[in-house]
Amino acid sequence: MPQLTYAEIARIEERRLALGTAAVVACAEPIAGGWMAFDGEGSWGNFAVGLGLDGPVSSEELDRLVAFYTTRGAEPQIQVCPFAHESLVRGLAERGFVLREFENVLAREIAPDEDLRALLTHGGPDGLEIVRVDPADEGQVRAFIEVSTSGFRPEGEPITPALFDVTRRLVAHPGCDSYLALVHGEPAGGGCVEVSGEGAALFGASVLPRFRERGIQQALIVRRLERLRERGCHLACISATPGIPTERNAMRLGFFMAYSKGVFMRRSENSQPST
């Protein structure tokens, strides 16, 4: 069993996500203990998170949330933690928000003396090398962005300028480390790890289709866990859509299900869907 309760893990991770997103998007405002963020059409940074963890959420705050997005022509979207005050879900329902999807948050404690490499029973494919991305190396950064975002857009579809820009800012953020997986020197996958306050998370990982099912994603997870241990972290989180390979790989490497949260949205005639 974890040393922290599930509610404590949720508070740490939701606040990390709120602060980390606010730090890299074009526009963000604090609200009801969390943050609402907007970064333009095609960016993953268009959502609110962390609301209601400190108590009731007022009608005025929820009206401000809706206005923040609708005045920018965006679809209001909010991630709701199961430990948020009940007034949040009630107020969202009154404003026409509906449940869009679920997201699972997995957590793992990191022991200072744990042999993390021993978790990789197969070791990955021949020629695998995982390198830390140098934010000053433009070629390396572009290769990382191309492969790490590949799983978040239809195969063959070019990366949008908004997605490229927000990921570029993420790579440059001092609290974030990005890793590029190479197979015989060819970019095959990538992923990020971030530390913010008490929280730390692995996120934004993808492996190109032709390199999948060869242990690369698990190797990326382990390398990022090692980085968190180097930085003195004792807890790591990963968020994933229920049932996808990321969730299965994380659980094979010692992550456990900490909580599940709902993603709520409110459509309007003039809004652009979030991606």
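Glu 14 is buried, because its relative accessibility is 0%. This residue belongs to a predicted model, in which the count of salt bridges comes to 22.

**Salt bridge between Lys 261 and Glu 14**

- Glu 14 is paired with Lys 261 in a salt bridge, and the closest N and O atoms of the two residues lie 2.9 Å apart.
- The pair links distant parts of the chain: Glu 14 lies in helix α1, residues 6-24, while Lys 261 lies in strand β11, residues 256-265, and 247 residues separate them.
- Lys 261 has a relative accessibility of 1%, so this residue counts as buried.
- Glu 14, at 0%, likewise falls under the 20% limit for a buried residue.

**Salt bridge between Arg 15 and Asp 54**

- A salt bridge joins Arg 15 to Asp 54, with 2.3 Å between the closest N and O atoms.
- Distant parts of the chain are again linked, since Arg 15 is in helix α1 and Asp 54 is in the loop between β3 (48-49) and α2 (59-70), 39 residues apart.
- Arg 15 is partly exposed, because its relative accessible area is 29%, a value between the limits of 20% and 50%.
- Asp 54 has a relative accessibility of 59% and therefore counts as exposed.

**Salt bridge between Asp 177 and Arg 227**

- Asp 177 and Arg 227 form a salt bridge in which the closest N and O atoms are 2.8 Å apart.
- Asp 177 stands in strand β7 (residues 176-183) and Arg 227 in helix α6 (residues 216-230), so that the pair links distant parts of the chain, 50 residues apart.
- Asp 177 counts as buried because its relative accessibility is 6%.
- Arg 227 is also buried, with a relative accessible area of 15%.
- Through salt bridges that share partners, Asp 177 and Arg 227 belong to one network with Arg 117, Arg 132, Arg 223, Glu 226, Glu 230 and Arg 231.
- Which residues does Arg 227 contact, leaving aside its neighbours within four places in sequence? They are Arg 132, Asp 177, Tyr 179 and Val 193.

**Helix α6**

- Is helix α6 largely enclosed by the rest of the structure or largely open? Of its 15 residues, 13 are buried, so the helix is largely enclosed.
- The 15 residues of α6 should span 21 Å at 1.5 Å a residue, and this agrees with the end C-alpha atoms, which are 21 Å apart.

**Packing of α6 against α7**

- Two packed helices are described by the angle between their axes and the distance between the axes.
- For α6 and helix α7 (residues 245-252), the packing angle is about 55° and the axes are 10 Å apart.
- The crossing in which α6 passes α7 is right-handed.
- On the α6 side, the contact is made by Gln 217, Gln 218 and Ile 221.
- On the α7 side, Pro 245, Thr 246, Asn 249, Ala 250 and Arg 252 take part.

**Ala 201 in strand β9**

- Ala 201 is part of strand β9, which covers residues 199-207.
- With a relative accessibility of 2%, Ala 201 counts as buried.
- Not counting residues up to four places away in sequence, Ala 201 touches Glu 13, Arg 16, Cys 192, Val 193, Glu 194 and Cys 237.
- Between Ala 201 and Leu 170 there are 13 Å in space, C-alpha to C-alpha, and the two are 31 residues apart in sequence.

**Packing of α4 against α5**

- Helix α4 (residues 138-148) packs with helix α5 (residues 161-172) at an angle of about 120°, and their axes are 10 Å apart.
- That angle makes α4 oblique to α5.
- A right-handed crossing takes α4 past α5.
- In α4, the residues at this meeting are Glu 138, Val 141, Arg 142, Phe 144, Ile 145 and Ser 148.
- Their counterparts in α5 are Phe 164, Thr 167, Arg 168 and Val 171.

Technical notes
Residues are numbered from 1 along each chain as its sequence is written. This is a predicted model: local features need pLDDT of at least 70, side-chain atom pairs count only at pLDDT 80 or more; totals for chains, interfaces and linings use all residues. Side-chain values use heavy atoms; hydrogens and water are left out. A salt bridge is a side-chain nitrogen of Lys or Arg within 4 Å of a carboxyl oxygen of Asp or Glu. Helices (H or I, at least four residues) and strands (E, at least two) are DSSP runs, numbered from the N terminus. Buried means under 20% relative accessible area, exposed over 50%, partly exposed in between (1.4 Å probe, protein chains only). The expected span of a helix is 1.5 Å times one less than its number of residues. Contact means heavy atoms within 4.5 Å. Axes are lines fitted to C-alpha atoms, for helices over the stretch in contact, and angles run from 0 to 180 degrees between N-to-C directions. A crossing is left-handed if the near helix is turned anticlockwise from the far one by less than a right angle, and right-handed if clockwise. Angles under 35 degrees count as roughly parallel, over 145 as roughly antiparallel, 65 to 115 as roughly perpendicular and the rest as oblique.
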